[in-house]
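Hello,

Here is the structure we discussed. Please look it over; my notes follow below.

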Amino acid sequence: MQPPRTEHRRRQKPPRRHFSVIRTLLMLLGIGVVIVLLGRYVVVPILVGLPSWLGGVQ
């Protein structure tokens, strides 16, 4: 049997997550698009139809 080696191994640092400006901008753009689409196709039709649903203007 060989004696255990006493090599000095470098400790590997865990990989750092880099802050990506492009990824953040794309994520914010996507969130904005989702909010605009929800407003256009969900919120606005509800607000337009609400008076007639409540028995107001026909």
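Ser-20 is partly exposed, at 26% relative accessible area (partly exposed lies between buried, under 20%, and exposed, over 50%; 1.4 Å probe, protein chains only). Ser-20 sits in the segment before α1, which runs 21-53. Helices here are DSSP runs of H or I with at least four residues, and strands are E runs of at least two, numbered from the N terminus.

This is a predicted model, where local features need pLDDT of at least 70 and side-chain atom pairs pLDDT 80 or more, while totals for chains, interfaces and linings use all residues. Numbering starts from 1 along each chain as its sequence is written, and side-chain values use heavy atoms, without hydrogens or water.

What does Ser-20 do at the N-terminal end of α1? Ser-20 caps that end: a side-chain oxygen lies 3.2 Å from the backbone nitrogen of Arg-23.

Now the helix itself. The 33 residues of α1 should span 48 Å at 1.5 Å a residue, and the end C-alpha atoms are 46 Å apart, which agrees. The expected span is 1.5 Å times one less than the number of residues. α1 bends by about 40 degrees at Gly-39 (the angle between axes fitted to the seven residues ending there and the seven starting there). Just after α1, Gly-55 has a positive phi of about 85 degrees.

Last, the surface. Of the chain's 58 residues, 2% are buried. The chain exposes about 6,600 Å², with 66% of that from carbon and sulfur atoms (Shrake-Rupley method, 1.4 Å probe).

Best regards

Key: Polar contact = N/O pair within 3.5 Å; in protein donor to acceptor, adjacent residues only side chain to side chain.
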